[in-house]
Amino acid sequence: MPDADAGSGAGPGAGPGAVGAASAPTLARARQTLLWLAGVAALVLSVSVAVTIGPAEISVPDVWSTVAAHLGWGESPLTPIRDGIVWNLRMPRTVLAAVCGAGLAVCGAVMQSLLRNPLADPFVLGVSSGASTGAVAVVVLGVGGGAVSVSAGAFVGALCSFALVLLLSHTLGDTTDRVVLSGVAAMQLFSALTSFVVLTAGDAETTRGVLFWLLGSLSGVGWTDVWLCGAVLAVALVICLGHARTLDAFAFGPEAAAALGVRVARTRLVLLCTTALLTAALVSSAGAIGFVGLVLPHAARAVVGSGHARLLPVTALAGAVFLVWVDTLARTALDPQEVPVGVVTSLIGVPAFVAVLYRTRRTT
């Protein structure tokens, strides 16, 4: 009669190595869960503390009491002025910074894998330049006759730029190299259009305001921007996470992905459209914030590896925390003057970009 424990994995044949192999996936999942929880806690703490930083002295308990009061739980302990500072000024700005950081970082991670280019970022498709042209057309040329907002103009411009990239890449062969080159061409075209319009049709004050927006700014945003960008980010995350295994397959090249059953052209189109629409929504609200999508995915890969089921959530959390603190620095470092967020991210991102180039050269 066979031993009762023979099929349970705990008999003589199941030694310490078998037990260790069986527990390894469990330990990996536990570490992954702890990492995500730590990331969420860091994000919540960062938002809570960042809202308290500024000329008006506000504590973390005051922040959460005010938030709870506006959600229908209790009453705010602050005066109406301080309550407005927290709820109408600092909180939407800080939350939108987190949303933009998460979205741009996720777009960068997806594009670097999809295009097999470690230097790809959300603006490689010319979306940012198109958004800038759309915003300038509304502000300087008065397109829409006052009925179209700057954000709406930027979004339409971003879509026009991406449509041009799709048309060019499809005409030229629809390979990853052609997509990147088409994006560079669109970027240069719309950047030139933006410069031409600003220099020929704008006065000094308008030019200064447009330039500040083009460099990235979260000032003056409201809860409408937060809900809109947050909804687009949520949909994009669901789509990208649903293609996590497909993105893993793209790491071996489109031919290998096709051999594994991936519909390469369709998948590339879906993910490129998703990242372009997300970038367009974020740029239309916050302007062009560079280097977040370039640097943060590499930092996240160094921590959790290249598996996209792990990489995308960690990248989103890292990008959110990063941009929350960058925006806090931008609005307080030279108080009362505000520094564009894109300037700060560039000052931090350029050395990181050089490090990525150096690392890429060493591995090739």
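# An all-helix chain, read from its loops inward

Arg116 is found in the loop between H3 and H4, where helices (H or I, at least four residues) and strands (E, at least two) are DSSP runs numbered from the N terminus. Although Arg116 is not a glycine, its phi is positive, at about 55°. Most residues other than glycine have a negative phi. This is a predicted model, in which local features need pLDDT of at least 70 and side-chain atom pairs count only at pLDDT 80 or more, while totals for chains, interfaces and linings use all residues. Residues are numbered from 1 along each chain as its sequence is written, and side-chain values use heavy atoms, with hydrogens and water left out.

A positive phi also occurs at Phe291, about 75°, and this residue is not a glycine either. Phe291 lies in the loop between helix H11 (264-286) and helix H12 (292-304). Its relative accessibility is 22%, so Phe291 counts as partly exposed; buried means under 20% relative accessible area, exposed over 50%, and partly exposed in between (1.4 Å probe, protein chains only).

The protein chain as a whole has 14 helices and zero strands. Its C-alpha atoms fill a box of roughly 90 × 60 × 35 Å, taken along the principal axes. Of the 364 residues, 45% count as buried. Contact means heavy atoms within 4.5 Å. Among contacts between residues at least 6 apart in sequence, 74% join residues at least 24 apart. The chain exposes about 17700 Å², and carbon and sulfur atoms supply 68% of that area; accessible areas come from the Shrake-Rupley method with a 1.4 Å probe, and for residues only the protein chains shown count as cover.

Charges come next. The protein chain has 18 positive and 17 negative charges, and their mean positions are 11 Å apart. Here Lys and Arg count as positive and Asp and Glu as negative, without His and the chain ends, and the place of a charge is NZ of Lys, CZ of Arg, CG of Asp or CD of Glu.

A search of the whole structure finds two salt bridges, each defined as a side-chain nitrogen of Lys or Arg within 4 Å of a carboxyl oxygen of Asp or Glu. In one of them, the side chain of Arg93 meets that of Asp327, with an N to O distance of 2.9 Å. Arg93 lies in helix H3 (residues 80-114) and Asp327 in helix H13 (residues 308-332), so the pair ties together parts that are 234 residues apart in sequence. Both Asp327 and Arg93 are buried, Arg93 with a relative accessible area of 8%. The side chain of Arg93 also meets that of Glu338 in a salt bridge, at 2.8 Å from N to O. This second pair links distant parts of the chain, since Glu338 sits in the loop between H13 and helix H14 (341-363), 245 residues from Arg93 in H3.

Trp64 is found in H2 and is partly exposed, with a relative accessible area of 40%.

Thr133 lies in helix H4 (residues 127-139) and counts as buried at 15% relative accessibility. Not counting residues up to four places away in sequence, Thr133 touches Phe190, Leu193 and Thr194. Met187 is found in helix H6 (residues 176-201); at 24% relative accessibility, Met187 counts as partly exposed. With neighbours within four places in sequence left aside, Met187 is in contact with Phe123, Val124, Gly126 and Ser129. The C-alpha atoms of Met187 and Ser129 are separated by 5.4 Å, although the two residues are 58 apart along the chain.

Ala137 also lies in helix H4 and is buried, with a relative accessible area of 17%. Beyond its neighbours within four places in sequence, Ala137 is in contact with Gly142 and Val143. Between the C-alpha atoms of Ala137 and Thr315, 178 residues apart along the chain, the separation is 34 Å.
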